[in-house]
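Please examine the sequence and the three-dimensional structure shown here. The explanation that follows is meant to be read alongside them.

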Amino acid sequence: MATRVSFVVVNWREAEATATCVESVKAQEVDAKVEIIVVDNESTPVSRSYLESIPGIVLLTNADNLGFTGGMNAGFAVATGDYFAAINNDLILAPDWLAQGLAELVDPGVGVVGGIEFFWNDQNPPGETSNEFHSQMFIDARAGYSYRIDEATSTRDVF
């Protein structure tokens, strides 16, 4: 039976960015079943209509903006995967993003995987991995928080 991965993406009035993110999830080159859950937090009718037109997603709509955490929790509550991926709607994933993550998760000592985020805008087009403007998220398991650094770092394995 194929591994099932549930992606949860929270949208708040950024339907076009969310659609671009969803397309990068659909383009994952991996032997796994992918479930995409988009949680729409109090968007405009136009934004919500745009999201409803995206095929292959589960769309949850909230009348109120539950914030990022509340939206993620709503998505995780209906997710059916063996693994969960919480991603921001302004991210574009490399085609091997999921394959690389699943390869690390076979180690029973690994509970969370992540990667470098490359910013994209007019000067830094999506998918441009030579972009020096990226950040990394660090998770402090003991203190229970995460933080981001916004400085150029080299790509490396994290153990």
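The paragraphs below treat the sheet, its crossovers, the nonpolar cores and the salt bridges in turn.

The model is predicted, so local features need pLDDT of at least 70 and side-chain atom pairs count only at pLDDT 80 or more, while totals for chains, interfaces and linings use all residues. Residues are numbered from 1 along each chain as its sequence is written, and side-chain values use heavy atoms, with hydrogens and water left out.

The description begins with the sheet. Four strands form an open sheet in the order β3-β2-β1-β4, with parallel pairing. Helices (H or I, at least four residues) and strands (E, at least two) are DSSP runs numbered from the N terminus, and two strands pair if DSSP finds at least two bridges between them. β3 and β4 are the edge strands, each pairing on one side only. From one strand to the next, the twist averages 20 degrees. Helix α2 packs on this sheet, where α2 touches β1, β2 and β3, and its direction makes about 160 degrees with that of β3. Axes here are lines fitted to C-alpha atoms, for helices over the stretch in contact, and angles run from 0 to 180 degrees between N-to-C directions.

Strand β2 (residues 32-41) is mostly covered, with eight of its ten residues buried. Buried means under 20% relative accessible area, exposed over 50%, and partly exposed in between (1.4 Å probe, protein chains only). Strand β1 (residues 3-11) pairs with β2 in the parallel sense over nine bridges, and V8 stands opposite I37 in β2. Between β1 and β2 the chain passes through helix α1 (residues 15-26), in a β-α-β crossover that is right-handed. The term right-handed applies if, with the strands pointing away from the viewer, the path from the first strand over the helix to the second runs clockwise. With strand β3 (residues 58-62), β2 pairs in the parallel sense over five bridges; here I37 stands opposite V58 in β3. The chain crosses from β2 to β3 through helix α2 (residues 45-52), and this β-α-β crossover is also right-handed.

Next come the nonpolar cores. Such a core is a set of buried Ala, Val, Leu, Ile, Met, Phe, Trp, Tyr and Cys residues joined through side-chain atoms within 4.5 Å. The largest holds 21 residues, of which F7, V38 and I87 touch the most other members. Two or more residues come from each of β1, α1, β2, β4 (83-88) and α4 (97-105), and α1 gives the most, with five. Neighbours within four places in sequence aside, the contacts of I87 (heavy atoms within 4.5 Å) include F7, V8, C21, V25 and W97. A second, separate core of six residues includes I37, V39, M72 and A79.

The structure also holds three salt bridges, each a side-chain nitrogen of Lys or Arg within 4 Å of a carboxyl oxygen of Asp or Glu. In one of them, the side chains of R4 and E35 meet at 3.5 Å, N to O. Because R4 lies in strand β1 and E35 in strand β2, this pair ties together parts that are 31 residues apart in sequence. R4 is partly exposed at 28% relative accessibility, whereas E35 is buried at 9%. K26 and E23 meet at 3.6 Å, N to O; being three residues apart in helix α1, they are separated by about one helical turn. D40 forms a salt bridge with R48, with the closest N and O atoms 2.8 Å apart. D40 is buried, at 0% relative accessible area, and R48 is partly exposed at 21%.
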